[in-house]
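Please open the model in your viewer and keep the selection tool at hand. The stops below say what to select next and what is to be found there.

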Amino acid sequence: MAAVAPETSPATTVPPGCAANYDGSPSSAVTGVKHMDSLSTSSMAPPCSSLAATNSGDGPQSPSRKGGSVAPGDHWGGDVDAHPRSKLTDSFPPSTSPGGAKEGLAAESEQLSRGDFVLAATLFIALGINTLMAWYVTLNVGPYVTKHYFSGSDWGNTLLAMFQAACVGVQVVLLWCGSATPKKSFFYAGGGMNIVAFVLMPPALAYLPEKGALAAMHLICFLLGISSGVLQGAGYPYAGSLPTNFAGFISVGQGAAGMLAFAMNTFFSFVCFDMETREGLTKQVWASYMFCAATAVLYLILFSWQISRPRAHDPFNPSADKTVESDMETGKVSKFTPVATDDGDAVETSGKRPWRVYWGLTWQYIVAVTVLFFVSMNNFPKLGPVGWHYNQQVPNHFIILFGVWSLGELLGRISPDLNRVSKRWFGWTMMNPKLLLPLSCSRIIFYVPFVLGYKLMDTTVVNDFWWYALVLFFFAYTHGWFCTLSFIYSIIFVREEEKGITSSLCVIGLSLGILAGLYIALAY
């Protein structure tokens, strides 16, 4: 957003959409103010008449007076209480382009070339895949591994819990060290640890005695959790600090990891190997984890290529004096430097604020993702599909239902990015931020079909395979959709120096939700 020059300046820049209210004097323009207007795309310009001259210097100064970020419904440079939120939809910033909101990928063309955009998007999808590929492969082969390698004892939930415990530990360390700025070494370390762990998993499982294999598998899952935590802790702030906000692409990659694991395991189990035998399962494990190692190598190649491109180094420079202004409706991020207001005061546009400020802006999204993952992991996979009773005997039914979950989650994670294609048809995917927490809590309704499938037997519909697939699809879709929005909203309303902290808090909340859900599910 442009700022007003001092009165001695020969020209004054008018913010987009405000020309009708500008009478030629600096006092009639908006100075350093960004109003968080309405979700509706029919009224994209801020109401200048009600926001003019908010930086007069009189009266108390609000936290947003210092600029840099803005809470939903608030704005930069003025007294927050002077312009309260007037309705539920006063949540998203308007388009910063003079012509209003732009549809499709054209909005990013002013910031990144098409080639750079595609490269960055591919990188963050690959990064997202590498954060959860180990989780999904272990989830898919877990029931068969416990049957053939661990004498039928169900260790699936503890293996997944080790993964999340390590992820939580990494985020706590990052917060303790105050690492709000992404570091290139984190990206290389995360990919390297993934390769090592993927290569070690098959021989440890195939050649060690039962107790040794069980201990080794838990340790390797812990190492994979560390690498996932490092990649997420570095990836989300980096994705949110580029000229285009790519945070949603990481979430899409995490959903794609589930689909990749499903497609790979389906092909191997139906075409190549018999997972009902120990020998066939051993070959399946080798093929699956070697494929995962190949995805990690591809990710490292993409990252090395990415950082050779223009502007890719900016987020790694903690001394860069810039502020990110995000447009939620186009995914566009424009950067500007501190400016002076018409009263001669400089508006701060960078620097980390006290924790209570950015916590107040993001707590609801962190709580939402915690509740979201608790409900999901408390039901899936222990309660269903593993604990369900089935009216029909479907070959490799676990693989199929895990695939249904992966498909639903992927479509859910993609949904917010459909807003880039057409706000007219897909604007609903970027829901009002204030609805995210209550909707995440409302998913407890899924306990009904999950518990019924677990408790009842030989019941029409309730124990039918098609019903389980339908329930699991919508359960996974809401999971993926709400998860992506939680991460987007947790970094979109804070300053660049704070994004590493809020994204780490989101990962911690996510992991705590998973741990609590998985361990409580052991009681079933």
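**First stop: a pair of helices**

Helices α8 and α12 of this predicted model are roughly parallel to each other, so select them together and look along both. Helix α8 covers residues 355-379 and helix α12 covers residues 433-442, and their axes come within 9 Å while crossing at roughly 25°; an angle under 35 degrees is what counts as roughly parallel here. The crossing of α8 and α12 is left-handed. To display the contact itself, show the side chains of Trp 363, Gln 364, Tyr 365, Val 367, Ala 368, Val 371 and Leu 372 on α8, together with those of Pro 433, Lys 434, Leu 436, Leu 437, Ser 440 and Cys 441 on α12. Coloured by kind, the residues where α8 meets α12 come out as 10 nonpolar, 2 polar and 1 charged.

**Second stop: α12 against α14**

How do the axes of α12 and α14 cross? They come within 11 Å of each other, at an angle of roughly 140°, and α12 is therefore oblique to α14. This crossing, in which α12 passes α14, is left-handed. On the α12 side the contact is made by Pro 433, Leu 436, Leu 439 and Ser 440, and on the α14 side by Phe 482, Leu 485, Ser 486 and Tyr 489.

Asp 458 is not a glycine, although its phi is positive, at about 55°. With a relative accessibility of 66%, Asp 458 counts as exposed. Select next Val 461, which is found in the loop between α13 and α14 and has a positive phi of about 70°, although Val 461 is not a glycine. Is Val 461 buried, exposed or partly exposed? At 32% relative accessibility, Val 461 counts as partly exposed.

Return to α8 and follow the chain onward to the loop between α8 and α9 (382-386), where Pro 381 has its place. The peptide bond leading from Phe 380 to Pro 381 is cis, with an omega near 5°. Continue to Pro 385, whose place is in helix α9, and inspect the bond from Gly 384 to Pro 385, which is cis with omega near 15°.

Select Met 275, in the loop between α6 (247-272) and α7 (278-306). Met 275 has a relative accessibility of 2% and therefore counts as buried. Which residues surround Met 275, once its neighbours within four places in sequence are left aside? Met 275 is in contact with Val 141, Tyr 144, His 148, Ser 269, Leu 281 and Gln 284. A distance to draw in the viewer is the one between the C-alpha atoms of Met 275 and Asn 396, which are separated by 8.5 Å although these residues are 121 residues apart along the chain.

Then go to Ser 504, in helix α15 (residues 496-521). Ser 504 is buried, with a relative accessible area of 1%, and beyond its neighbours within four places in sequence it is in contact with Gln 171, Leu 174, Leu 175 and Gly 233.

**Last stop: the whole chain and its confidence**

Finally, zoom out to the chain, which has 15 helices and 2 strands. Of its 524 residues, 58% count as buried. Among the contacts in the chain with a separation of 6 or more, 79% are between residues 24 or more positions apart.

Colour the chain by pLDDT, which averages 75, with 72% of the residues scoring at least 70. Over residues 1-110 the pLDDT stays under 50, and for this stretch the model has 235 contacts beyond four places in sequence. Residues 320-347 also have a pLDDT below 50, and here the model has 110 contacts beyond near neighbours in sequence. Where pLDDT is low, the predicted coordinates should not be read in detail.

How values were computed:
Residues numbered from 1 in each chain as written. Predicted model: local features only at pLDDT ≥ 70, side-chain atom pairs only at ≥ 80, totals over all residues. Heavy atoms only, no water. Axes fitted to C-alpha atoms, helices over the stretch in contact; angles between N-to-C directions. Helix = DSSP H or I, 4+ residues; strand = E, 2+ residues; numbered from the N terminus. Parallel < 35°, antiparallel > 145°, perpendicular 65-115°, else oblique. Left-handed = near helix turned anticlockwise from the far one by under 90°. Contact = heavy atoms within 4.5 Å. Nonpolar A, V, L, I, M, F, W, Y, C, P; charged D, E, K, R; others polar. Buried < 20%, exposed > 50% of the residue type's maximum accessible area, 1.4 Å probe, protein only. pLDDT = per-residue confidence, 0-100.
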